[in-house]
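Here's a quick briefing on how some strands pair up and how the nonpolar residues group together. Have a look at the model first, then read on.

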Amino acid sequence: VCPAKNFIDPELFFLSCDKIKGMLTLRQRRTGDAVKLPGRGTKTLKKLFTEEKVPLCRRALLPVLADDAGVLAADSFGPDVSRLAQPGQAAFEIIFRKE
């Protein structure tokens, strides 16, 4: 269940169970992948990585959480706001950890 705050930071947030379509996949960025981050507009991951000056050698290493409908979240950047759970709603707690 989603707590009062659905977005703690880009590494910890809650996704709505109802808004996940099909299978969850952790993968690399694909051409055309886009995300609408909290407090920002919709951008392709390529443009986002370029604007944030993510080195080319690191871009393929950043995991992207996706389902059959598209990107749910990008590591280090956060979730797509349209997929965030509302407080009290059934949710998946997502934590990106670096080890």
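E6 and E7 run antiparallel and are joined by 4 bridges. The link between E6 and E7 is a hairpin that goes through 2 residues. Keep in mind that this is a predicted model.

**Strand pairing around E6**
- Strand E3, residues 25-27, also pairs with E6: they run antiparallel, with 3 bridges joining them.
- Over in E7, Ala73 is what Leu65 stands opposite.

**Which way E6 side chains point**
- In a regular strand, side chains alternate between the two faces of the sheet.
- Strand E6 covers residues 64-67, with Val64 and Ala66 pointing one way and Leu65 and Asp67 the other.
- Buried or exposed, these four? All are buried.

**The nonpolar cores**
- The largest nonpolar core has 11 residues in all, including Val35, Leu37, Leu45, Val64, Val71, Ala74 and Phe77.
- Two elements give two or more residues to this core: helix H1 (45-51) and strand E7 (70-74).
- Which element gives the most to this core? That's H1, with 3 residues.
- Apart from this core lies another one, of 9 residues, and Phe13, Leu15, Leu65 and Ala73 are among them.

**Contacts of Ala74**
- Leaving out residues up to four places away in sequence, Ala74 touches Leu45, Pro63 and Phe96.

Conventions. Residues are numbered from 1 along each chain as its sequence is written. This is a predicted model: local features need pLDDT of at least 70, side-chain atom pairs count only at pLDDT 80 or more; totals for chains, interfaces and linings use all residues. Side-chain values use heavy atoms; hydrogens and water are left out. A nonpolar core is a set of buried Ala, Val, Leu, Ile, Met, Phe, Trp, Tyr and Cys residues joined through side-chain atoms within 4.5 Å. Buried means under 20% relative accessible area, exposed over 50%, partly exposed in between (1.4 Å probe, protein chains only). Contact means heavy atoms within 4.5 Å. Two strands pair if DSSP finds at least two bridges between them.
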